[in-house]
Amino acid sequence: MSLLEVERLSKNFRGLAAISDVSFAIEAGTITSIIGPNGAGKSTMFNLITGYLPLTAGEIRYRALRITGMATNRIAALGIARAFQIARPFRDLTVFENVRVGALFGKAGPRDVEATTRRALELASLAALAEQPASSLTVGQLRHLEVARAIATRADLLLADEPCAGLNPTETAAMIDVLRQVRTNGVTVVLVEHDMPSVMEVSDRVLVLDAGRLIADGPPKTVATDPKVIAAYLGTPDAA
Amino acid sequence: MTRNPVPVFLLVAAAVVVLAAGPLFLPPFYVRVGQLMLYSAGLGLAWAILGGFAGYASFGHAAFIGVGAFTAGLVEARFSTLPTALLLPVGLLAGAASCAILSALIAYPILRLRGTFFAIAMLGVSHVCAEVTNNIDFFQGSMGLNFPPIAPASWDPANFFYEVYLAAALLILLVSWQIRRSRFGAGLLSIREDEDTARMLGVPTERYKRTAFVVSAVLTGIMGVIYAHSLGYITTESVYRDDTNLSLIVYSLLGGMGTLFGPVIGAFLLVFITQVILGRLLDFHLFATGLLLVILVLAAPGGVAGLLKRKRAAT
Amino acid sequence: MNLIAQTLADGLVLGGIYALAAVGFSLIFGVLHVINLSHGILVLMGAYLALIFSEMLHIDPLLCIPPVMAVLFCVGYAYQRFLIQHAVDRASVNSMLLTFGVALMLQNAMIWVFSPDMKSITPTYAFTSLKLGPVNLDAVRLSALAASLVLLSCLAALLRFSPLGRVIRATAQQTMAARLCGVNVRHVYALTFAVSAAFAGAAGIVIGIILPFSPNDEGGWTLNAFVVVVLGGVGSPAGALIGGLLLGLVSTLTAQYIGPAFPNVTMFLLLVLLLLVRPNGLLGNAFAPSR
């Protein structure tokens, strides 16, 4: 049984198809990247899985449980967490308090809250900043905070939306490290990412979306040489 | 903030003893000022459970003062044969119940609105309740409603109500404190900061908002019931007051939005300013409150608590 | 039948005035995203200024519209530039509280200067009336309605066709893009506020000739403006007109058929209901960026 199964998923915005008929499954313990040109529907996919947007057709199952149509907070409580691309910290709270909210809620509820919070901060290498107000962090640190808060929910599945976008090479390397750590701790990771070197380096598997359709699915090496993928990114010769 | 709970606890306990002993040494005028301070502090704390913690600033909490007060009055009139000592508990129960029912009924629709829309819709609720009370004879809003004297014969009524206000304010402080340090409180704060993100982290935002709304309404209603008894006679105008609607926000702004003691500090300060410093200049109250509001927004958005924090950070 | 026609006619007149009194509030809300709780004060300023001008100069109150609008234009510009701008950049509740504070201060000041008593402006033609079939319309009400409609059309034209209108709309839709194109956003905000204040003042004059007014009404006019905006949608004169007429009709119909005490109750029930069904009002936000 796969951890997450997406079956024939479609989403229309006022008749415009953002996702059409996409199916895939995510195996536990893997890092999967979803890539694709701008507007391919990557972030929409996350919005659908987390219940933030209602879907038009299809079904999403998590541990064989149908989660389509569930409230966002219930889905979170089942163990799916999300880190936003544009970090959305609780600005007036400290880093510790931010992460603590994840530990208090999320999956399994309030057990060992302080310890869970500390562990998540360690994992995202934020322990030194625990008492800082979230509003004082840099962009890179805020991304770590997003991941720490998501991990603190004890999620089994982390959806990370472009965690490396806009980061410099050092910060990107640090983020990749954190994501590996997360996986080592038994959390399955799905990434949406633009930064190709990071994708190639970290992923076990890559899904490619183009204009709402799944056009490739496989190990990074295979996908990178897939003519359909190259065409989607560079345009077909006759179209260009 | 709560890293050294013992000294804070001792400080509060000492303050309570001093406050409770107040009527023994204060002249009558200051007992009345004290009553008003405790009443305001209680209301400010109740308001802040929703407005300060969850960030849903209501412009219409006087609705619950009025509903609580009028329900209590009407119910107590039906139980006029009861011993006097039981009247206030009966009134409190009735007032609290009516506020709970009203707030639970409107919670679902009104909490779908955010920010300013919620604030104004609550003002609407307050005005509608006032008009209904005033224009339907059953509620006797325009004619007025009498409350029997409930203070024990041996006790000066002013001193008696001072102690009742103190007890109620302490109860509300205790409730806020328990909420602030609980999981529920952390959830409310996360709603204030970013509701969508809170939901993504598994916070049951809708249920928490509704609960905070009902708790805040019930506690406000309790204060309203006591207020009505201390006045002895109420009309629509004396309980559904727009300046109350405003003051509740100013207390938190002045003391520090979202902090535990902020509303208490704010209420004490504002009552002191209007009643003692400007006591003789009744015409000037509105102007002073307005000016204070302008200065606060422009110069000290964090209130007194914010100023203290900034000072501590600077040293 | 006659009663219904008369009630509807009264509702339309009232609605026209509500629309005019709300359009400035709507514009500020749409462009600056500020809930101006001192809007009612600006309306009353117009009424009191017209009272002073028309008594001093012995002219028709409607002729006071240009000078009053000019005065309030300046007041509005300065108000935004020196006070509100400092709160705009922070949370929206802050600017709302700031304008609320100003409203309290000015209401208090107005009571000192003009006394809390009801005042009214009486034009020379106050007792002329016209009979249109079964409906009685006095000259005052008719001129008030006409003035409202003319002023609303002027504002609509200003926003639609003038360079100023174009800059205002651009700023409202894409503040950042407008700034990048060299628009001085603060200046545009202040101009928007000035235009809004001017129209609020004009509304005050029109209100003054058909209804008595006192400093205590300011909250009522602000709330009316809010309701109109929610009913009709943010930012456009057309939205204000629809919202205003709807509110006018609901008020007069409720007062006539349910009871004179209940217009506010129906108004707020309508408001809350509408907010639930359409959080952005009937016409939505005229300035909402297109996606």
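A211(A) is partly exposed, with 15 other C-beta atoms within 10 Å. This residue lies in the loop between strand 9 (205–210) and strand 10 (213–218) of chain A, and its phi is near 50°, a positive value in a residue other than glycine. The model is predicted, and the values below are computed from it.

**Backbone at other loop positions**

- H33(C) also has a positive phi, of about 60°, although it is not a glycine.
- The place of H33(C) is the loop between helix 1 (2–32) and helix 2 (39–57) of chain C.
- H33(C) is partly exposed, as 15 other C-beta atoms lie within 10 Å, a count that falls between the limits of 12 or fewer for exposed and 20 or more for buried.

**Chain A as a whole**

- Chain A contains 9 helices and 10 strands.
- For 240 residues, a compact globule would have a radius of gyration near 18 Å, and the 18 Å of chain A agrees with this.
- Along the principal axes, the C-alpha atoms of chain A fill a box of roughly 55 × 40 × 35 Å.
- Of its 240 residues, 47% count as buried.
- Among contacts in chain A between residues at least 6 apart in sequence, 67% join residues at least 24 apart.

**Helix 3 of chain A**

- Helix 3 of chain A is largely enclosed by the rest of the structure, because 8 of its 10 residues are buried.
- The buried residues of this helix are V95(A), N98(A), V99(A), R100(A), V101(A), G102(A), A103(A) and L104(A).
- Their cover includes helix 4 (113–123) and helix 5 (139–152) of chain A, together with helix 7 (183–193) of chain B.

**Contact between chains A and B**

- Chain A gives 20 residues to this contact and chain B gives 15 residues.
- On the side of chain A that touches chain B, the elements that give two or more residues are helix 2 (72–78) and helix 3 (95–104) of chain A.
- That side of chain A divides into 8 nonpolar, 6 polar and 6 charged residues.

**Contact between chains B and C**

- Of the 2 pairs of chains that touch, chains B and C have the most contacts.
- Chain B contributes 28 residues and chain C contributes 30 residues.
- Helix 5, helix 11 (242–255) and helix 13 (285–299) of chain B are the elements that give two or more residues to the side of chain B that touches chain C.
- Helix 5 of chain B gives the most to that side, with 11 residues.
- By class, the side of chain B that touches chain C has 18 nonpolar, 7 polar and 3 charged residues.
- Chain A and chain C, by contrast, are joined by no contact, and their closest C-alpha atoms lie 11 Å apart.

- Two packed helices are described by the angle between their axes and the distance between the axes.
- Helix 5 (residues 115–135) of chain B packs with helix 11 (residues 263–277) of chain C at an angle of about 150°, and the axes are 9 Å apart.
- These two helices are therefore roughly antiparallel to each other, a term that applies to angles over 145 degrees.
- The crossing of helix 5 of chain B and helix 11 of chain C is left-handed.
- From helix 5 of chain B, the contact is made by F117(B), A121(B), G124(B), H127(B), V128(B), E131(B) and V132(B); from helix 11 of chain C, it is made by N264(C), V265(C), F268(C), L271(C), V272(C) and L275(C).
- The residues of this helix contact divide into 9 nonpolar, 3 polar and 1 charged.

**Helix packing within chain B**

- Helix 6 (residues 157–180) and helix 9 (residues 205–231) of chain B pack at an angle of about 175°, with their axes 11 Å apart.
- Helix 6 and helix 9 of chain B are therefore roughly antiparallel to each other.
- Helix 6 of chain B brings F161(B), V164(B), Y165(B), A168(B), I172(B) and V175(B) to the contact, while helix 9 of chain B brings L219(B), I222(B), M223(B), I226(B) and S230(B).
- The contact of helix 6 with helix 9 of chain B has 10 nonpolar residues, 1 polar residue and no charged residues.

Technical notes. Residues are numbered from 1 along each chain as its sequence is written. Chains are lettered from A and ligands numbered from 1 in the order in which they are written. This is a predicted model: local features need pLDDT of at least 70, side-chain atom pairs count only at pLDDT 80 or more; totals for chains, interfaces and linings use all residues. Helices (H or I, at least four residues) and strands (E, at least two) are DSSP runs, numbered from the N terminus. The radius of gyration is taken over C-alpha atoms; the globule rule is 2.2 Å times the number of residues to the power 0.38. Two residues are in contact if their C-beta atoms, placed from the backbone, lie within 7 Å. Axes are lines fitted to C-alpha atoms, for helices over the stretch in contact, and angles run from 0 to 180 degrees between N-to-C directions. Angles under 35 degrees count as roughly parallel, over 145 as roughly antiparallel, 65 to 115 as roughly perpendicular and the rest as oblique. A crossing is left-handed if the near helix is turned anticlockwise from the far one by less than a right angle, and right-handed if clockwise. Ala, Val, Leu, Ile, Met, Phe, Trp, Tyr, Cys and Pro count as nonpolar, Asp, Glu, Lys and Arg as charged, and the others, Gly among them, as polar.
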